[in-house]
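Work through the exercises below with the model open beside you. Try each task before reading its solution.

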Amino acid sequence: MGRHEDPSETRRRLPRPTARLYLAASVALVLVVGAVVWAVAGPGTSSGGQCASTSTVRVTVSPELGAIATKLLAAPTKLGDGTCARARVSAQRPLQTVGDLGALNPSALPEVWVPDSSLWAARAGSAGLKNAGSMATSPVVLATGRAAVDQLGWSQTAPTWGQAVSSNRPLAVPDLAGSSAGLAALAAVRSSLGGDQNADNAVVAAVLAASRGPAVSTADALASGRSNAADAPLVPVSEQQVYAANRGVAQSSLVAVYPSEGSPALDYPVLRVGRATGGRTAAIDAVLSRLRSAAARSAVTGAGFRTASGAGPADAGGNSGIRAVAPGTLPLDPAQVQQLLARVSSLATPSRILAAFDVSTSMAAPVGSGTRATLERDAAKSALTLVPGPSAIGLWDFAYHLNAGEDWSELVPTRRLDTQVDGHSQRDLLAAALDALPQRLSPGGTGLYDTTLAAVRAARTSYDPAAVNSVLLVTDGANDDDDTGTDLGALVDTLRREADPARPVKVIAVGVGTDADLDALRQITSA
């Protein structure tokens, strides 16, 4: 379930599941060059003597285990029948391997796979995986600089996962489609906050807020922590990544924060892939035995991993940035993690929204200490702060015959939120236009149906195939334009007739107050 990033790789927006599947299929011809591969062979064997014949076992491991697995499997193993087993080791990101499992022929797949987490097995579907034990473990932690830890008081009292993510410290969220540590950390946050709908919303808000900040790779975040930079972010990583980042550095301020509830663990499962028979089974068994041997345990702890019992590197503590005693293990439900990934991915996909707000006279009706119009404004401005920069939003207002006989008026054209217009960002322009909505109330009624049809057509004309395209309608009333405009039946028929599967546009309707025609809004959104 994850990756240890290349230093040059920056955090990107979350890819959609469909995009990941397309990627897996489209790069099938170049998968071999996309992985680091070692063909491990030699004239001798680990048990002495010559080999009557040799069976080569295809082994794929997570990149951080590549060198360790290569060394462990350097010599062929002599089997009971005089033949030998050798390994061909490939180091590849687990996300790529999952794509391979769904796209390639069995002969091109590994026979043994060691990803960094068992959660990848849940994402691999019906790939025929069988767990044969664990090669290593590494707790998921939050890495940052010592100054940040001292400033937040965490050197004395460990935070919960929820407290850590809700602190004012910047959060660098890795690409959750490929980062086991990032996804496990968010699942831990969800559990810490109660595991309910509110917890889901908090996790989504944290991801969206992080995506609005500057793009920061995991490597850059760790470097910031090493240098004790004042703005060093929190970044969810494996404990081994902290150890590896500090190794060989004379003075490093990078430390691992261990939340009080315990940590999810990357368990590096040793997985059989598919079904082997006869001599292939014996050869694969020999490889599996090497990967779970005492030599393997010594090798992984020497590289900063822990064994299944929690034993870690001999030099843990001090400048290593990690502690000697393993934290408690926080178990995760694979099904719930999958649901969380799907929810975050869908909500973090860039949106293209044309928002139309009702400014008819009834929006002046009092609500609490304000009016329906101020409620509309405040809710919209609050939501606007959470939408990431790559998303695009445009703003209309509407009322009966608001603009030279038309029921709608464009206040801000639809543009990406990070677009600059005359020195102002699109986000700021939208916020200013929303502030002015209560002063734009019209004496007319609600021109709902004509506005809906015009907005859907406008959204389809400016359709962005890389985004979720939608129209947002916010109104407190029923349509007041039946005498000269489109009626409900004609609107619904037209929306259905003009629907284009190649350019789908969702209509989202929000009814404010008891006067909103919810039945009409339901018919519009279902059409």
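**Exercise 1.** Find the salt bridge that Arg272 forms, and say which parts of the chain it ties together.

*Solution.* Step one: the partner is Asp285, with the closest N and O atoms 2.2 Å apart. A salt bridge here is a side-chain nitrogen of Lys or Arg within 4 Å of a carboxyl oxygen of Asp or Glu. Step two: Arg272 sits in strand S11 (residues 269-273) and Asp285 in helix H11 (residues 278-291), so the pair ties together parts 13 residues apart in sequence. Helices (H or I, at least four residues) and strands (E, at least two) are DSSP runs, numbered from the N terminus. Step three: Arg272 is partly exposed at 22% relative accessibility. Asp285 is partly exposed too, at 32%. Buried means under 20% relative accessible area, exposed over 50%, and partly exposed in between (1.4 Å probe, protein chains only).

A note on the source: this is a predicted model, where local features need pLDDT of at least 70, side-chain atom pairs count only at pLDDT 80 or more, and totals for chains, interfaces and linings use all residues. Residues are numbered from 1 along each chain as its sequence is written, and side-chain values use heavy atoms, leaving out hydrogens and water.

**Exercise 2.** Are Asp476 and Arg372, which meet in a salt bridge, buried or exposed?

*Solution.* Step one: their side chains meet at 2.7 Å, N to O. Step two: Asp476 lies in the loop between strand S19 (468-475) and helix H17 (488-498), while Arg372 belongs to helix H14 (residues 372-384). Step three: Asp476 is buried, with a relative accessible area of 0%. Arg372 is buried as well, at 11%.

**Exercise 3.** Which residues have the most contacts inside the largest nonpolar core?

*Solution.* Step one: a nonpolar core is a set of buried Ala, Val, Leu, Ile, Met, Phe, Trp, Tyr and Cys residues joined through side-chain atoms within 4.5 Å. Step two: the largest one has 63 residues, and Val59, Leu65, Val112, Met135 and Leu291 have the most contacts inside it. Helix H7 (residues 180-192) gives the most to this core, with eight residues. Step three: look at Leu291, whose contacts (heavy atoms within 4.5 Å) include Ala69, Val112, Met135 and Val270, not counting residues up to four places away in sequence.

**Exercise 4.** How many salt bridges does the structure hold?

*Solution.* The total is 13. One network of them links Arg58, Glu111 and Arg280. Another bridge joins Arg503 to Asp500, with the closest N and O atoms 3.0 Å apart.
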